[in-house]
Amino acid sequence: MLREGGVISVKVLNEMANVCRRKFNFSWDELTTMLVDLRTLLTVLSLTEVMHQVGLRISQHYHLSVNDAMIVGAALDAGCAGLWSEDMQHGLVIDDCLTIRNPFAVL
């Protein structure tokens, strides 16, 4: 699925790095390899001030955590129709254009 491309925010890369080191005990070499592979396959979006403002609005309106809403803001900015997340409500539609999908709920 990743070979088809897509986008990922720096926020998600940071969260992945933290979880892989803390929970899964990745070595620095394993973590670096994984992150380089992701950055090669996907377009990486940095958080902008506009995304930040959109994220705050999304957090307030949809009752998402600020961190999750920043990820949603990046997805909206990229024009994504879907966002994979196991942490957000499966099927939630944001601003009539972005659907949250839990990869484990659709198996």
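Is aspartate 96 buried or exposed? With a relative accessibility of 76%, aspartate 96 counts as exposed; buried here means under 20% relative accessible area, exposed over 50%, and partly exposed in between, with a 1.4 Å probe and protein chains only.

A word on the source. Residues are numbered from 1 along each chain as its sequence is written, and side-chain values use heavy atoms, with hydrogens and water left out. This is a predicted model, in which local features need pLDDT of at least 70 and side-chain atom pairs count only at pLDDT 80 or more, while totals for chains, interfaces and linings use all residues.

Let me stay with aspartate 96. This residue sits in the loop between β4 and β5; helices (H or I, at least four residues) and strands (E, at least two) are DSSP runs, numbered from the N terminus. Although aspartate 96 is not a glycine, its phi is positive, at about 60°. Aspartate 95, in the turn of the hairpin formed by β4 and β5, also has a positive phi, of about 50°. Three residues lie between the two strands of that hairpin.

I turn now to the sheet. It is open, has three strands in the order β3-β5-β4, and its pairing is mixed; two strands pair if DSSP finds at least two bridges between them. β3 and β4 stand at the edges with a single partner strand each, so one side of each has no neighbour in the sheet.

Strand β3, residues 82–84, runs parallel to β5 and is joined to β5 by three bridges. Strand β4, residues 93–94, pairs with β5 in the antiparallel sense over two bridges. Isoleucine 94 has leucine 98 as its bridge partner in β5.

Axes are lines fitted to C-alpha atoms, for helices over the stretch in contact (heavy atoms within 4.5 Å), and angles run from 0 to 180 degrees between N-to-C directions.

The loop between β3 and β4 contains glutamine 89, which is exposed with a relative accessible area of 53%. From glutamine 89 to threonine 99 the C-alpha to C-alpha distance is 9.6 Å, with a sequence separation of 10 residues.

Finally, the helix pair. Helix α1, residues 10–22, and helix α2, residues 28–41, have axes that come within 10 Å and cross at roughly 155°. That makes α1 roughly antiparallel to α2; angles under 35 degrees count as roughly parallel, over 145 as roughly antiparallel, 65 to 115 as roughly perpendicular, and the rest as oblique. From α1 the contact involves Leu13, Met16, Ala17, Cys20 and Arg21, and from α2 Trp28, Leu31, Met34, Leu35, Leu38 and Arg39.

In the loop between α1 and α2 we find asparagine 25. Its phi is near 55°, a positive value in a residue other than glycine. Asparagine 25 is exposed, at 63% relative accessible area.

Thank you for your attention.
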